[in-house]
Amino acid sequence: MLQILFLAAVAAVVLYQLYATLGRRVGRQPEDAPAGAIPGSPSPAPQANPGHAIEGVATLKAKQPDFDPDKFLSGARSAYEQIVTAYAAGDRETLKPLLVQEVMDNFEQAMAARETAGRAEKVEFLTAPRLDLEKVDVIGDVAKAVVRILAEVRTRTKDERGEGVDDRRTAELWTFEREVKSANPNWRLAFVAAAEA
């Protein structure tokens, strides 16, 4: 009788260990979400990768000690979303303070051509854009920050032929700049280039 009880106890310990090992999930699961996250809600603000030093950040911090890459990326994402939606809507007043003059001139030409053709556009973000700070250059008192942006967007276009819908993924490098000594803390878009996804 004691032998049976002893074997039962050993079996219980072995089964518990098996459950504890095999029942555990290892790594990130597809259904995992941050605590308190609501499905379909915007993702948290982007964060610079702490695992490596981003080229040029130390140089910028020497001139602007309060530069925070995470706060910069959060502001860059807000600016990106505003610029994309304002450009599609032809909202020049929103665009002007966000762009350097050369970029504003290029946008103006494209918006005017679209309006002349009688075409209207609207853009929706299918997922929250992903932003990564690639590098920072400081030339004199001008800082230039290059940000890699991956986004999934839906463009709705209306013209005399009706409405068209285009879903696509975009990968771009946006360069934001500002004068380090300026009292204005805002960065402005200075250049856009295609990037590898």
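**A walk from the sheet to a buried arginine**

Start by selecting leucine 173: its bridge partner is alanine 193, over in β5. Keep in mind as you click around that this is a predicted model. Now colour β4 and β5, which run antiparallel and are joined by six bridges.

Next, bring in the other partner of β4. β3 pairs with β4 in the antiparallel sense, over 18 bridges. Pick alanine 151 and you'll find threonine 170 of β4 standing opposite.

Time for the core. Show Phe72, Leu99, Leu133 and Phe176: of the 37 residues in the largest nonpolar core, these touch the most other members. Two or more residues come from each of α2 (57-63), α3 (69-89), α5, β2 (130-139), β3 (142-159), β4 (162-179) and β5 (188-194). α3 gives the most, with nine residues.

Stay on phenylalanine 176 and display what surrounds it. Leaving aside neighbours within four places in sequence, its contacts include Phe72, Ala76 and Ala79, and also Ala143, Val147, Trp187 and Leu189.

Last stop: jump to arginine 114, in helix α5 (residues 101-116). Is arginine 114 buried or exposed? Its relative accessible area is 5%, and buried means under 20%, so arginine 114 counts as buried. Zoom in on its side chain, which reaches the backbone oxygen of alanine 88 at 3.2 Å. Not counting residues up to four places away in sequence, arginine 114 touches Tyr87, Ala88, Ala89, Gly90, Arg119 and Glu121.

Terms used. Residues numbered from 1 in each chain as written. Predicted model: local features only at pLDDT ≥ 70, side-chain atom pairs only at ≥ 80, totals over all residues. Heavy atoms only, no water. Helix = DSSP H or I, 4+ residues; strand = E, 2+ residues; numbered from the N terminus. Buried < 20%, exposed > 50% of the residue type's maximum accessible area, 1.4 Å probe, protein only. Polar contact = N/O pair within 3.5 Å; in protein donor to acceptor, adjacent residues only side chain to side chain. Contact = heavy atoms within 4.5 Å. Core = buried A, V, L, I, M, F, W, Y, C linked by side-chain atoms within 4.5 Å. Pairing = 2+ DSSP bridges.
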